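User: I would like to learn how to read side-chain features in a model. Please take them one at a time, with the general idea before the case.

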Amino acid sequence: MSVLSVRLKAAVTALVVVTAGAVVPAPAFGVERDRGYSALIRRASYGVPHITAGTFADLGFGVGFAQAEDNICVIAENTVTVSGERSRWFGAADANVRSDLFHRKAIDERVAERLLEGPRDGVRSPSGDVRDQVRGFVAGYNHFLRRTGVQNLTDPACRGKGWVRPMTETDVWRTTWASMVRAGSRSLLDGIVAAAPPAAAKTVETVEVPDAAAVVASLDGAGSGIGSNAYGLGAQATGNGSGMVLANPHFPWQGSERFYRMHLRVPGRYDVEGASLIGDPIIEIGHNRTLAWSHTVSTARRFVWHRLSLVPGDPTSYYVDGVPERMRSRAVTVETGAGPVSRTFYDTRYGPMVVVPGTFDWTAATAYAITDVNATNNRALDGWLRMGQARDVRQLKAVLDRHQFLPWVNVIAADARGEALYGDHSVVPRVTADLAAACIPASFQPLYAAGGQAVLDGSRSDCALTRAPGAAVPGILGPSELPVRFRDDYVTNSNDSHWLANPAAPLEGFPRILGRERAQRSLRTRLGIDQVEQRLAGTDGLPGRGFTTARLWDVTFGNRVYGAELVRDDLVALCRRQPTATTTNGVTLDLTAACDALAGFDLRVDLDSRGAHLFTEFALAGGIRFADAFVVTDSVRTPRRLDTDNPGVRTALADAVQKLDGIPLDAAWGDIHTDSRGDRRIPIHGGRGEAGVFNVITNALVPGVGYPQVTHGSSFVMAVELGPHGPSGRQILTYSQSTNPNSPWYADQTLLYSGKGWDTVKYTEEQITADPNLRTYRITATGGD
């Protein structure tokens, strides 16, 4: 009996294995709540579940069961996190204690429970469909756990562990809330936990703001580690005139933010293939029969600061329109293995108090609170559900307008009619140009200009966020205030702002809080646009013009290093003219071998590319410095010339050589750039966005060894065409479907990715039943099970 059969037999009440290719009838509709749950799971190649059910509750049941089969330890650990119990189970390290305090505060305030209450202050409660799906997900997860038993789990990471327990619906809603505030409150978690009134009276009458760029960089660092590329290709860009989408999110390869591939169907109501984050019951990136979409991380800010003027002698009271107002305090205690830890949190009418030492300090005179506009976002699961039911990009836009749910991402989409859509239609604080001019103090205007960090005057009620016409909730930009573009050629985004979603039609005139306009783009953004333009012109060295899904795959994994294309030749010439340089720490090095390695570099991060690591470290050391200026009218091509007169260029190269001591400078990329699965090292192509790589893979250097473990990068990759006979194309989950080393789906897609392979889109019955590895089983649970 196979490993898969053993696992299923142990886990499923009733298991029916059907021969590959057999057509299995859909389950009957209408399994009532008090009669339990039923779902049909068809496991295709690489373990991808195609789940069919008669109701959304049953569908959630199937999702919860399948995800538990593959990733129960990930879900269980995330449940521990949002329950504020990490320090109890995983040790009282500072990071665990801070996380627990943050989440325990949300629990004590009943944040998740309040998001489920009826409409209030214009906030809608989740729909019955979504509540059913969450309820079913919990039932499916618990069904797997109960049937298998903690002691019999095959994943050693959590087998027999006391922290693995049945889930509740509240656990799922807490997890959803934590995801919503990832780029807001959670990014400032340490500052919220640390916020406390001054121990001794210290008056600061004027605020000296440090260098704005440094402040923006420090705050952005709290939310780093995620990103993405996406293309929406319209009729003018594709071979058959239909729409096509590239989804290429760059997300962590470990932990709770891994994606999970699945296909979900409630006949007549919902039919979507794609991926969700592990632990989420709904598909977030994917396609139905006539519409496909992806997301990229947006540059828009998710919170605003409020500078508070404190009452003299009482640093926990502040003025609003000249009237004192007391902060609300809440004592929170968490249990750790080393004993209880308590902390008092402070909240204002605007939101929680936060400190960022040196910039946003709490003194006797001044303090800072934030408004996180995603803190009340209970609309996301409904939004993604309705996205999956939209038939084209115009209906998708209507869903976005109604729900305004995307917490911190753009949307890029295309439909079968050949129309593409870009929108930063995310949840953004309503900081208009007028509000910014009137309410951001002069000392903080440079910070807003540099990075969109809005610091409002909290002493004035007229500086609070207001409701926009048509906005789903108060305090956020309304649909008419957000950048959206429809095109029949293409739209794209690679984590720069909305401005150049299509260079032929720049999006301009939007509030600064959304991102910079008429400003230099990243090397990755420029390459992303260049790849499309060259493909449409037929000048990229690939056959033909325009896109098929095969050509889209080739372009995505072409692994060009755009920074090297621009500056490598000038760098080699400089290196040969001046073959010695001094490192930052004062060591003088001979660069002759580095010159030769760079000269032989093929300007790609393929497995057989040599010298890629040297250019990567040069880029990470800040060596790509340009001599020419950015030109707005030539925004994709400028700047482009290496500043060979800048001594920092040679210093960066010397630093790179020093950092790579013990690793041959002409080593093949695949020999030193890998990911581990057990004792096996799998060669991994792709590279750093800082060097101008589109297919981002971040893999930290281990001195003298190389890059042995991927931290984040390309994850769920989908190239889907919405043709007249249904969707088709290619897809892959780079790190594979399961985190369980004993799963047959622990490394298979990673090996496939290593060779630039793919799994096919399997959406229609014909596509699914043609899979030679198809295995089918039904799971059921009675009301008392």
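User: In this predicted model, are Trp 669 and Tyr 707 buried or exposed?

Analyst: Trp 669 and Tyr 707 are both buried. Buried here means a relative accessible area under 20%.

User: How is the geometry of such a ring pair described, and what is it for Tyr 231 and Phe 547?

Analyst: Two aromatic rings are described by the distance of their centres and the angle of their planes. The structure holds 24 aromatic pairs. One of them is Tyr 231 with Phe 547, a tilted pair at 6.5 Å centre to centre with 50 degrees between the planes. This pair links distant parts of the chain, 316 residues apart: Tyr 231 is in strand 3, and Phe 547 is in the loop between helix 14 and helix 15. Tyr 231 and Phe 547 are both buried. For Trp 669 and Tyr 707 the centres are 5.6 Å apart and the planes stand at 50 degrees, so this pair is tilted. Trp 669 belongs to helix 20 and Tyr 707 to the loop between strand 24 and strand 25, so parts 38 residues apart in sequence are tied together.

User: Which residues do ring pairs link into a cluster?

Analyst: The cluster consists of Phe 303, Trp 305, Phe 360, Tyr 368 and Phe 444.

User: Which rings have the charged end of an arginine over them?

Analyst: The charged end of Arg 394 sits over the ring of Phe 486, 3.7 Å from the ring centre. Arg 677 has its charged end over the ring of Tyr 746, at 5.5 Å from the centre.

User: What is a disulfide, and how many does a search of the whole structure find?

Analyst: A disulfide is a covalent bond between the sulfur atoms of two cysteines. The search finds 3. With the bonded cysteines numbered in sequence order, the pairing is 1-2, 3-4, 5-6.

User: Which elements hold Cys 73 and Cys 158, and why is their disulfide left-handed?

Analyst: Their S to S distance is 2.0 Å. The torsion about the S-S bond of Cys 73 and Cys 158 is about -75 degrees, so the disulfide is left-handed. Cys 73 is in helix 2 and Cys 158 in the loop between helix 6 and helix 7, 85 residues apart. Cys 73 and Cys 158 are both buried.

User: What are the torsions for Cys 439 with Cys 463 and for Cys 575 with Cys 595?

Analyst: For Cys 439 and Cys 463 the torsion is about -80 degrees, so that disulfide is left-handed. For Cys 575 and Cys 595 the torsion is about -85 degrees, so that disulfide is left-handed too. Cys 575 lies in helix 16 and Cys 595 in helix 17, so the pair ties together parts 20 residues apart in sequence.

User: How many residues of helix 7 are buried, and what do they pack against?

Analyst: Helix 7 is mostly covered, with 10 of its 12 residues buried. Among the buried residues are Trp 173, Arg 174 and Trp 177. The buried residues pack against helix 2, helix 4, helix 5, helix 6 and helix 10.

Notes
Residues numbered from 1 in each chain as written. Predicted model: local features only at pLDDT ≥ 70, side-chain atom pairs only at ≥ 80, totals over all residues. Heavy atoms only, no water. Phe/Tyr/Trp six-rings, centres within 6.5 Å; stacked < 30°, edge-to-face > 60°. Helix = DSSP H or I, 4+ residues; strand = E, 2+ residues; numbered from the N terminus. Buried < 20%, exposed > 50% of the residue type's maximum accessible area, 1.4 Å probe, protein only. Lys NZ or Arg CZ within 6 Å of the ring centre and 35° of its normal. Contact = heavy atoms within 4.5 Å. Disulfide = S-S within 2.5 Å.
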